[in-house]
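Trainee: I have a structure open and would like to talk through a few of its details with you.
Mentor: Happy to, let's look at it together.

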Amino acid sequence: MKYAAILLLLVTACDGEKAKLPVQSNAPPPVPSGPVGEAVGTLAAAQRLTATQYRNTVRDLFGKEVIVPSALEPDVATDGFDAVGSSTSTVSARGVEQYEAAAFAIGNQVIADPKLLSRVLTCKPAGITDEPCARAFVTTMGRRIFRRPVTAEETTKIAGVMATAATALGTFEKGVPYGIAAMLQSPQFLYRSISRADSGATYGGFALAARISFFLWNSTPDDALLDAAAAGKLASYEGVKPEVDRLLADPRARDGLRNFVREWLRLGQLDRLEKDAKLFTTYSVELGPMAREETLRLFEDFVFDREADIRDVLTTRHTFVTPKLASMYQLPAPTATGFAPVDLPEDSPRRGLLGHIALLALYSHPTSSSATLRGKFVREKLLCVQIPNPPVNVNTALPEPTPDAKTLRQRVQIHFADAACAACHKIMDPIGLGLEQFDSIGRFRTKENGATIDASGDLDGAKFNNPTELAEAIRNHRDFPPCLTRKVFQYATGMKPTDADDPTLKSLTDHFVKTGYRLKPLLAAVASSPAFRTMGAAH
Amino acid sequence: MKISRRTILRGMLGGGLVTIGLPLFDALLNDTATAFADGDALPKRFGIFFWGNGVLPELWNPKGTGTTYELSPTLQPLAEMKSKFSLISGMKVPIVNAVPHLSGPIGLLSGAPALATDKEAFARASIDQIIAETIGLDSRFKSLEVGVERGAKSLSYNGAHSNNPPETSPHALFARVFGPEFTMPGDMAKPNPTLALRKSVLDAVTDDAKRLQSTLGSTDKARLDQHLSGIRALELRLKKLQENPPSLAACKVPVEPKLEYPDVDGRSPLSAISRAMVDTLAMAMACDQTRVFSLWFHNGVSNVLFPGATSGHHQLTHDEPSPQPKVAAILLQIMAEVNYMFKAFDAIPEGASTLLDHCGILATSDCSYGRQHLLDEYPLIVGGTANGNLKTGLHYRSPAQENTSKLILTLARAMGLTMDAFGDAEGRTSDSLTAIEV
């Protein structure tokens with residue numbers, strides 16, 4: 001009985017996504033003005049700065065010369081996003097130690113270099129203690145670090161910490177790291193906090209400034225954005241929009257995009273790619289990060305350099321390679337070192353994102369490819385279909401290759417023989433089988449165990465014969481634009497969307513379609529949307 | 001020179017108070033060598049050794065019960081330590097098996113179902129943290145979490161969504177425990193004026209946090225509470241740095257681990273990393289820097305390539321045809337590491353017995369039969385007697401799939417916790433596993 005119930009649930013879960021017809025693309029029209037979507041508040045919680053946000057913020061506050069000690073409390077992904085996990089996770093005792101060590105390491109680097117110190121300390125101290133100078137330091141740096149003006153009470157307290165330290169250690173400057181440490185360890189810095197009193201209200205200027213900058217830059221607001229907040233300009237769409245456009249024109253927006261792509265596609269896991277070096281002689285520890293860089297550069301190119309239809313990221317022949325990646329793609333190296341742009345030949349079977357080693361190798365096993373993992377990736381990350389876990393107590397073994405069944409396509413037929421398995425596997429495996437001409441590490445092949453690989457299939461009604469046609473089918477899938485919109489919105493708000501967000505998501509998707517499927521207008525629309533600017537209930 | 005732990009040397013600022021106690025000899029052990037001379041018993045320690053992807057029950061469960069049982073094929077690497085641990089078989093994690101590789105450890109370690117809103121999340125604290133709240137507060141670190149595989153995660157939780165991530169670099173663990181701030185037990189702490197300054201910073205941070213808290217919703221407030229308890233732990237550590245720790249005969253600074261453990265033939269040297277972690281943890285306990293640890297060898301679902309394996313571990317557990325000799329070979333490697341840990345702890349004399357004898361260590365996994373993610377026949381090893389409170393050298397076979405919470409309750413009580421019951425909902429029990437209690 002129980003098993004039947006689970007079975008029914010599974011079939012429902014996976015059958016709920018019916019075949020969708022592809023639609024044709026339009027030429028990119030101009031971006032319509034005005035806010036997009038409803039003023040339904042998105043759920044609000046205090047988001048802890050992710051490790052990357054902490055590093056980017058330190059760079060922007062103190063200078064790129066300042067090094068953050070390597071270890072910080074690791075991020076936790078919830079629903080696929082660190083941005084969402086940061087709304088629920090806590091900091092461990094070890095994390096608190098690491099924040100302390102990092103804060104002092106930063107402060108000590110700042111006072112060791114007169115150039116760095118002069119950036120943050122604009123007054124000339126008159127002696128070991130100089131209260132006005134200490135207060136001026138806290139007022140200026142405190143606003144940047146806390147992303148809002150510091151209160152008189154806070155200024156007094158932190159200037160007092162600095163004076164005590166300066167007295168004990170003998171110079172005014174030696175007290176500065178203690179002031180920096182007091183601010184960098186404060187929850188006011190480490191969390192983007194949400195006041196319970198603000199629930200349902202439009203984000204106050206400073207909270208919204210941080211929300212926008214961490215979304216678009218993955219870093220702290222600059223002085224200009226804080227000034228706009230202080231002047232009350234962020235209270236309306238008309239005031240927010242120019243700031244959003246300014247942030248998107250800044251080089252830091254590339255960091256923001258890179259981080260979104262990294263979280264969305266789970267590319268962080270490429271740091272510990274597990275591949276059998278005996279089987280794959282081209283494998284080495286730097287391959288994973290290198291492959292990730294290829295993917296991130298392609299997105300940057302699409303979004304910022306060419307402002308192109310982002311769907312084409314799935315089908316483009318354009319990419320960026322190092323000599324190592326070029327050799328794995330069987331291309332002549334376009335450069336002796338580092339990355340260079342390259343166009344894959346017209347007859348290349350490799351196209352776009354799903355031809356990248358990053359995705360092919362990540363969604364594979366250490367020694368073999370996986371049609372299921374690759375198909376699951378496409379369904380969950382590109383088409384937003386949530387695939388449930390396989391039921392426990394089910395034998396998930398694939399048969400070993402035999403002379404009669406040499407290919408993975410033949411071996412996964414077992415997934416379709418049982419209705420319970422087939423419900424989900426039939427929407428995952430056929431996609432992955434379309435990518436079977438790429439092995440576990442992403443190299444092209446036409447044969448597996450001596451048998452020719454058949455890479456044909458059907459994606460929700462769109463037939464394909466090879467990975468190039470599969471890429472076209474995903475590019476044209478009607479669920480891809482709403483899915484990408486949803487992912488951007490979820491990343492931006494740090495919360496899993498609820499039914500209440502559906503109208504906003506629909507409006508944003510319409511906007512995305514109308515603006516030619518370009519990501520920059522979508523990022524701008526989300527950042528200036530009423531939903532993003534309005535707080536839901538504090539949790 | 002042996003100095004009492006109560007002798008405090010304070011290095012305060014600006015020529016402030018400096019108290020130097022007379023060197024006393026009361027930190028030596030008493031006549032029977034079971035306790036410190038000042039009456040404190042040698043401390044109990046608790047540990048967890050966790051590996052992912054389960055076992056092969058047919059090769060795991062031994063023949064016979066009681067003290068005359070025969071070790072099973074998988075347990076052979078532990079043969080030399082057979083008298084120092086007990087094997088518990090036939091118990092079951094009684095919660096709904098909703099998420100493969102996670103429902104097991106959630107039910108085992110917290111005794112409770114997952115969060116209703118997130119079946120992958122612990123709803124309550126894990127047992128190591130419950131125990132640390134009682135026995136871990138007097139040592140420099142309330143608990144230490146370490147991981148062996150790259151990207152190892154811990155399942156040590158302070159409560160919902162409140163994880164204690166593991167240290168995965170042996171050298172970083174060493175630096176944290178035995179770095180410049182370490183004072184050899186019996187030595188005098190070096191006066192350090194910056195400690196008081198660091199404390200003043202933490203005071204300011206705490207004030208800040210408390211002011212912020214009054215404006216937060218209840219969930220965020222609880223999250224900030226957790227952060228504040230981390231700050232308090234750090235303050236306590238600063239305070240301890242100004243104290244002179246009592247002499248501990250077994251304490252030595254361990255060999256400094258290598259900075260990096262590069263891949264060997266393209267594979268992470270799991271055994272070398274695990275042993276460096278264990279050696280450092282052993283001395284962290286012998287030097288009373290911590291009394292609670294957990295070692296997360298590799299994650300559930302981990303596809304890490306073990307030496308000699310032809311595929312990732314998780315993939316093999318599902319795809320290798322029965323009787324899965326390649327999976328069996330991996331399990332032998334893991335058991336060799338459990339054995340190394342028991343041996344390393346047992347090699348450290350403490351009073352009349354050894355460090356291991358003052359430990360209660362649970363070695364376990366995320367399910368029983370990995371291929372099917374089963375939660376009955378759960379693999380459970382308990383090493384050490386917890387100062388004579390646990391029986392070792394025996395195999396207890398549960399006759400009726402008893403709740404694993406019974407064992408956890410036994411371990412908690414052996415550690416000195418006063419607990420009427422452990423767990424929640426279907427995981428809850430007020431009965432302990434008397435078969436292994438002394």
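This is a predicted model: local features need pLDDT of at least 70, side-chain atom pairs count only at pLDDT 80 or more; totals for chains, interfaces and linings use all residues.

Trainee: How many of the 12 residues of helix 10 of chain A are buried, and what follows for its setting?
Mentor: Buried here means under 20% relative accessible area. Helix 10 of chain A is largely enclosed by the rest of the structure, because the buried residues among its 12 number nine.

Trainee: How far apart are the end C-alpha atoms of helix 10 of chain A?
Mentor: Helix 10 of chain A covers residues 205-216, and at 1.5 Å a residue its 12 residues should span 16 Å. The model agrees with this, with the end C-alpha atoms 16 Å apart.

Trainee: Is A:Asn476 buried or exposed?
Mentor: A:Asn476 sits in the loop between helix 21 (467-475) and helix 22 (480-493) of chain A. Its side chain makes a polar contact of 2.6 Å with that of A:Arg475. With a relative accessibility of 15%, A:Asn476 counts as buried.

Trainee: Which strands stand at the edges of the open sheet in chain B?
Mentor: Seven strands make up this mixed sheet of chain B, in the order 3-6-1-9-10-2-11. Two of them have a single partner strand each, so one side of each lacks a neighbour in the sheet: strand 3 (144-147) and strand 11 (395-397) of chain B.

Trainee: Which residue in strand 6 of chain B stands opposite B:Glu145?
Mentor: Strand 3 and strand 6 (residues 292-296) of chain B pair in the parallel sense, over four bridges. Opposite B:Glu145 stands B:Ser294.

Key:
Residues are numbered from 1 along each chain as its sequence is written. Chains are lettered from A and ligands numbered from 1 in the order in which they are written. Side-chain values use heavy atoms; hydrogens and water are left out. Two strands pair if DSSP finds at least two bridges between them. Helices (H or I, at least four residues) and strands (E, at least two) are DSSP runs, numbered from the N terminus. Buried means under 20% relative accessible area, exposed over 50%, partly exposed in between (1.4 Å probe, protein chains only). A polar contact is a pair of N or O atoms within 3.5 Å; within protein, one must be able to donate a hydrogen and the other to accept it, and residues adjacent in sequence count only if both atoms are side-chain atoms. The expected span of a helix is 1.5 Å times one less than its number of residues.
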